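Q: I am new to this structure and would like to learn how to read its features one by one. Please give the general idea before each case.

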Amino acid sequence: MNAALLIIALAVVVALGLGLKARSGHDMDMEQWSVGKRGFGTLLVFLLMAGEIYTTFTFLGGSGWAYGKGGPTYYILCYLTLIYVISYWILPPAWRFAKERNLFSQPDYFAARYDSKSLGILVALVGIVALVPYMVLQLKGLGIIVATASYGAISPTLAIWIGAAVLTVYVMVSGVRGSAWTAVLKDFMILFVVIFLGVYLPYHYYGGIGEMFTAIDQAKPGFLALPDRGQSATWFASTTLLTALGGWMFPHIFASIYTASDARTFRRNAVFLPLYQLMLLFVFFAGFAAVLQVPGLTGPDVDLSLFKIALQTFPPWFVGIIGATGVLTALVPGSMILIAGSTLIAQNLYRPLARNATDATTGRLAKGIAPILALACVGFTLYGGETIVQLLLIGYAVVTQLFPAFFFSLLPRNPLTRAGAMAGILAGVAAVAVTVVGGYTLAKLFPSLPGPVQDLNIGVVALALNLAVAFAVSLAGGGARRTALP
């Protein structure tokens, strides 16, 4: 076993140990397993939310897009900042409503707000569909990290199987408490590794960050700017909007709202979490540093750029530290995804059909579903070829279709009826499904449209359709209904 692989294995053992420690002294019932008994303070909620958002996408996807796309990469910096700004207003009322009603999952919230079990089931199905590409993203990243950092000693396929097995054991043992504790270790490691790489690589190969950008611009003119067509300014703005609105709509991220002990936690975090965005600049710097040093990577291989340049720059032991950090960036969000997905199936698909199901039965079922869900995600991972960022964008396009119904539910007088909310979600998700499966864009569907309009993110178009259908059905059904605010 080489030094890199040994360090990666040690990180996995430490994470499992933290999971066992986190559950010590706690009865792992449904509430404890899925939402930590709603007892997390500001720091743990901060780290848990950061752990869910800063994933292998940050580690590999951000650097990969900097390497392969250049200027369009900066949408990542913008949308995550907006996610936190939005959270200042929308999360406290959502938390209070969930706290009063002892809710466990995202569909619970929608079902209670609109007094509709059918809407809860629909939201659960949408959530599961959106979680699959997000989980595939984590497993795909895990395979890249372990295979590359181990110098080929472990194949990507074997790494994915091992990672899925570790995730499953970790989730069944520790629940959300283990995710929060491991997030503490993960955040310290990723801060150190990313900042070091983002500073060292540009200075080592180019003599400085400014000099690196000058060299790239001379070698690839226009690479660092937004292109006139395709991922243009219109694409940039529409994609930023889509992903910012959808940020809290992923089931595992929405469920983290329930873990807080106080509504003020979210407003404190909204102040400080945008500062965490500065870390992304160093991720981008590492990716940009590889542009001229590791040329020729295309398609899904751009996600390898960070590790390719690390392998030719650092000794095995330090590559192992980078790999161990990457494994933790997959383990924390991956565990939250499995918890959220299993809870959706047990709490929001099974329980409405099994009227006599108890909390204990539902909790046991959720834990039993975790390995099945992990197995399904492994299948999608092994037979999917999209890049990490593309996988995330597909998930966002789907899950953002829940935002209108969520947003209007926070108003004192909700203009959407339950039928309108359901119709809007169905229309938006159907539009996304048709365009993704068929590979359609506005440019392909409407070639006569002006160029900037053709570059709109198709998910935003689906969101507009969602709103139009939701309001039309609501008005036809009798207009607004009052939503009681907590």
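Q: Which helix gives the most to the nonpolar patch?
A: A patch is made of residues with over 30% relative accessible area and no salt bridge; like charges are joined within 9 Å, and nonpolar side chains (Val, Leu, Ile, Met, Phe, Trp, Tyr) within 5 Å. Accessible areas come from the Shrake-Rupley method with a 1.4 Å probe, and for residues, only the protein chains shown count as cover. In this predicted model, V85, Y88, W89, V271, F272, L275 and L278 form a nonpolar patch on the surface, with about 730 Å² of accessible area together. Helix α5 gives the most, three residues. Both α5 and α12 (264-272) supply at least two residues each. Helices (H or I, at least four residues) and strands (E, at least two) are DSSP runs, numbered from the N terminus.

Q: What kind of model is this, and how are residues numbered?
A: It is a predicted model, in which local features need pLDDT of at least 70 and side-chain atom pairs count only at pLDDT 80 or more, while totals for chains, interfaces and linings use all residues. Residues are numbered from 1 along each chain as its sequence is written, and side-chain values use heavy atoms, with hydrogens and water left out.

Q: What is the mean pLDDT of the protein chain, and where does pLDDT stay under 50?
A: pLDDT is the predictor's confidence in each residue, from 0 to 100. Where it is low, the predicted coordinates should not be read in detail. The mean for the protein chain is 82, and 86% of its residues reach 70 or more. Over residues 34-39 pLDDT stays under 50, and the model has 28 contacts (heavy atoms within 4.5 Å) for them beyond four places in sequence. Residues 482-486 are also below 50, with 18 contacts in the model beyond near neighbours in sequence.

Q: How many helices and strands are in the protein chain?
A: The protein chain has 22 helices and two strands. Of its contacts with a separation of 6 or more, 86% are between residues 24 or more positions apart. I394 lies in helix α17 (residues 388-399).

Q: What percentage of the residues count as buried?
A: Buried means under 20% relative accessible area, exposed over 50%, and partly exposed in between (1.4 Å probe, protein chains only). Of the 486 residues of the protein chain, 57% count as buried. The chain exposes about 17,800 Å², and carbon and sulfur atoms supply 69% of that area.

Q: Is Q401 buried or exposed?
A: Q401 is buried, at 0% relative accessibility. Its place is in the loop between α17 and α18. Leaving out residues up to four places away in sequence, Q401 touches I425, G428, V429, V432, G459, A462, L463 and N466.

Q: Which side chain makes a polar contact with that of S409?
A: A polar contact is a pair of N or O atoms within 3.5 Å; within protein, one must be able to donate a hydrogen and the other to accept it, and residues adjacent in sequence count only if both atoms are side-chain atoms. The side chains of S409 and Y109 are joined by such a contact of 3.0 Å. S409 lies in helix α18 (residues 403-409) and is buried, with a relative accessible area of 1%.

Q: How many salt bridges does the structure hold?
A: Side chains of opposite charge can pair when their charged atoms come close. A salt bridge is a side-chain nitrogen of Lys or Arg within 4 Å of a carboxyl oxygen of Asp or Glu. The structure holds three. R101 and E100 meet in one of them (3.3 Å, N to O). In another, the closest N and O atoms of R229 and D455 are 3.4 Å apart. R229 is partly exposed at 43%, whereas D455 is buried at 6%.

Q: What is the phi of D115?
A: Most residues other than glycine have a negative phi, and most peptide bonds are trans. D115 has a positive phi of about 50° although it is not a glycine. D115 also forms a salt bridge with R418, the closest N and O atoms being 3.9 Å apart.
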